[in-house]
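Colleague: Please put the model up, and I will ask my questions chain by chain.

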Amino acid sequence: MRDARLEIRIGGTGGQGLILCARMLADALCARGKRVAQSQTYEPTSRGGFCNSDLVISDVEVDFPLTTALDYLVLLDRLAVKPSWPLLKPGAMVIADTRLCPKLPEGDYRARHLPLSRTGIELGSERVANIVALGALAALAGICEREALEQAVRAETPKSFLDLNLDALAAGYRLGEQATSIARVTQ
Amino acid sequence: MNAADKALSPKAAVHLISGNHACALGAIAAGCRFFAGYPITPSSEVAERLSRMLPEVGGVFVQMEDEIASIAAVIGASMGGVKALTATSGPGFSLKQENIGYAAGAEIPCVIVNVMRGGPSTGMPTRPAQGDIMQARWGSHGDYPIIALAPASVREIYDETIRAFDLAETYRTPVVLLYDQVIAQLTETVDLGDTEGLMRAERKWASGPREAYQPYASGDDGIPAMSRPGAGYRVHTTGLNHAENGFPTQNPEAVARNLGRLLAKFDRHHDTIDSWQTLSCDDAEVLIVAIGISARAAARALDIARARGVRAGLFRPITLWPFPEKALREAAAKARAVLVPEMNAGQLSLEVERILGGKRVDAIHRYNGDPITPAEIAQRAEALAKEKK
Amino acid sequence: MIVDSAPAFDVRDYLRLEMMPHFLCPGCGHGIALRALLWAIHELGIDKDKLAVVSGIGCAGRLSAYIDANTFHVTHGRPLAYATGLALARPDLHVVVITGDGDCLAIGGNHLIHACRRNLKLTCLMLNNEVYGMTGGQVSPTTSESRLTTTTPLGNSEPNFDACALAAAAGASFVGREVTHHVPKLKELIRAGLEHPGFAFVEVLSDCTEIFGRKNELGSSAEMVLRQKSELRPSAYRDTVDTPFRSNDLPTGILTKTERPEYGMAYRKAAAAQRANTAARASAGVNERKA
């Protein structure tokens, strides 16, 4: 049997912590009994080039572990738009950073422009934009219990950054929840 | 189980780990206690993991000065009686070939991981390929037998790493563990709770008086018993063609006898060496043959094809060399066409054509670094099915 | 008066006599070097069962087959790399490498410099006969300038390596050189190398009479050995013969001897500390953060 799957991509540039944030989500889902496959594509440069981290989530063993039809696309940089666009499933949700990825092409998808990196800056570091995005994605997609995600963030974060990361996750959840309610009104 | 083992043992049955991490875990579980390597993308994580894990279990990790030194040190450690591993990718695999031939000829067990990336030459270090299928079999000069295993998932990398050591030790041979960059760096949910039953083979060691011991005598099973340095046998090991006593010879009869035994070494052991997986082969009109990430795509393609009324099946060799020929012939018996999707310009398809002589063998050959998708395979399978009707 | 209680040295006790006659050419210096090695092993009382000899390809590489020990005749240029694996995996063995100038300095040069740097306990005996003898007499990294070989028909115009200077520069903690003319001195140097607790590089200036000597009209084997004393390597006889030294003179004896941590020991010590640390954390019930 083909797995009934959910596909997520977190796209941006190298150095934004995309793999780590996908890893946290994967940990959380795994802890709740899901089968997960997480892969990444990256350029030889470790900083600045296009980078993406993909998740395929299923209740049973994942057969093909790479993404073929994205249900969710998170964009933390405009560089990730072009290589990800052909993979969008019709009706997929695209969560894009207002500052770093302001413009999106036409298509059959639901757009959520959120101030992910700005929220990170306001919290004290743009480097936590990935965790803000993680919170927003979790809230919008409803794929993961918040408690499990918090636990995964704790497990993967060094002590000195733990408070900052948990704040970023909470801020991301707020952004996601607000966007959900707006979406309900406008749809 | 000692304290160090306990520290490494899974805390829970389910893990989220990468293929290269699974390889390191499998090696430790198999009893590997020596690793020598040289940094290369995309296999370096195997070395990085083992640099931490091996000292925990009393083993040795060493980063050598180059790829050749790495395989040489691994063979040296195994000559000392210690299970040993190295890991590399295409360019390093090429560099190791002469010494892999030495290990095959002198019958020194060892395991070589080759994570396949784009080629030729430096190729595409961070992109997958499956272009070393033939090199794994024929990479060193002269005639020699070798075993190559091709796992397709993170869990299977763990299992096949253990099996690689078991086969290496049992049959005194180098074993190549061949997987692509996708599987190597893929992180998957794996269940390591049911690994207790996996075999743990030990080398057949020499016993009895020194005078009666012949280091390359055939024995009952064609596999000579090895002597451990320090056990009093004081034998000579050489890459020169040698007789049963281990010393160099150019006597045609002695060379033919010993090399003949070597070349036929796996013939009586197909039951334990061959391994493959079949999916929906019983009624398949189109048989797909694939390994690694291409086989994962093919598995998904089966359902897509069947939903369109095409009876597709999958034959996936897990032991790649020696190729499970008999099993492939059986799986393909009813198929009217065979499709080989692979990330190279035509390697597995050559072997399939050879084995299935005369049957229609089509292929998807991809060498641009993009994995072949399930949809592409399903589409080609459908076209093949229609072509025949 | 010193009474030597050790049994007298009989080289046959250390040879695989069934392998005789050996394949070395008459007059070759390698047999002298082999005898000196076995003599030093005898004096040190090294157990043949615990002795591992790893050799490469070439005339020098063939010597391991004649030694009654655990012997490994490996690929060209790689004996130091094989020996590194063997010595790390089996610290209970006494590992000796026999290699030639081409094996060690050309195709295996990378392994030499890193073995010097790493300082794993190994004794590397490099037999330098200035030529690739086994393959018929081609130029090697140590062939003297202007010498004729089958691949330098116009005379060698490449400068040659000073192997000992190379080893010392790469960090070898023991470096020595000796000539085959002076067997007791050679034995003493090899013995000191075997006793050294780290990587020991010993260069033996040997003679290829049949190929290199003949091509360069250096006379009979006896004449070639005498030239070591009178012309080519006079500092070996600095204290015995009053000979005017030439500018290209190669110093002999122990040239470098320093104390620094032996790699295998240092690794095992660090590993034991890591294990103790892990065990302590496990018993303290510390929850380790995921790697």
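Colleague: In chain C, what share of contacts between residues at least 6 apart in sequence join residues at least 24 apart?
Modeller: This is a predicted model, where local features need pLDDT of at least 70, side-chain atom pairs count only at pLDDT 80 or more, and totals for chains, interfaces and linings use all residues. Residues are numbered from 1 along each chain as its sequence is written, chains are lettered from A and ligands numbered from 1 in the order in which they are written. Two residues are in contact if their C-beta atoms, placed from the backbone, lie within 7 Å. Among chain C contacts between residues at least 6 apart, the share joining residues at least 24 apart is 67%.

Colleague: What radius of gyration does chain C have?
Modeller: The radius is taken over C-alpha atoms, and the globule rule is 2.2 Å times the number of residues to the power 0.38. The C-alpha trace spans about 75 × 50 × 40 Å along its principal axes. For 291 residues a compact globule would come near 19 Å; chain C agrees with that, at 21 Å.

Colleague: What percentage of chain C is buried?
Modeller: Buried means 20 or more other C-beta atoms within 10 Å of the residue's own; exposed means 12 or fewer, and partly exposed lies in between, with C-beta atoms placed from the backbone. Of the 291 residues in chain C, the buried ones make up 49%.

Colleague: Is Glu217(C) buried or exposed?
Modeller: Glu217(C) sits in the loop between α7 (209-215) and α8 (221-232) of chain C. Helices (H or I, at least four residues) and strands (E, at least two) are DSSP runs, numbered from the N terminus. Its phi is near 50 degrees, a positive value in a residue other than glycine. Because Glu217(C) has 7 C-beta neighbours inside 10 Å, it counts as exposed.

Colleague: Which element gives the largest share of the side of chain B that touches chain C?
Modeller: The contact takes 39 residues from chain B and 36 from chain C. Elements giving two or more residues to the chain B side include α3 (44-56), α4 (67-79) and α5 (90-106) of chain B. The largest share is nine residues, and it comes from α4(B).

Colleague: Which residue is the bridge partner of His236(B) in β2(C)?
Modeller: Two strands pair if DSSP finds at least two bridges between them. β10(B) and β2 (residues 70-73) of chain C pair in the parallel sense over three bridges. In β2(C), the partner of His236(B) is Thr71(C).

Colleague: Which strands stand at the edges of the open sheet in chain B?
Modeller: Five strands form this sheet, in the order β11-β13-β12-β15-β16 of chain B, with mixed pairing. Each edge strand has a single partner, so one side of each is left without a neighbour in the sheet: these are β11 (276-279) and β16 (360-365) of chain B.

Colleague: At what angle does α11 of chain B run to β13(B)?
Modeller: Axes are lines fitted to C-alpha atoms, for helices over the stretch in contact, and angles run from 0 to 180 degrees between N-to-C directions. Helix α11 (residues 292-307) of chain B lies across β11, β12, β13 (312-317) and β15 of chain B. Its angle to β13(B) is about 165 degrees.

Colleague: Which residue does a cis peptide bond join to Trp321(B)?
Modeller: Omega of this bond is about -10 degrees.
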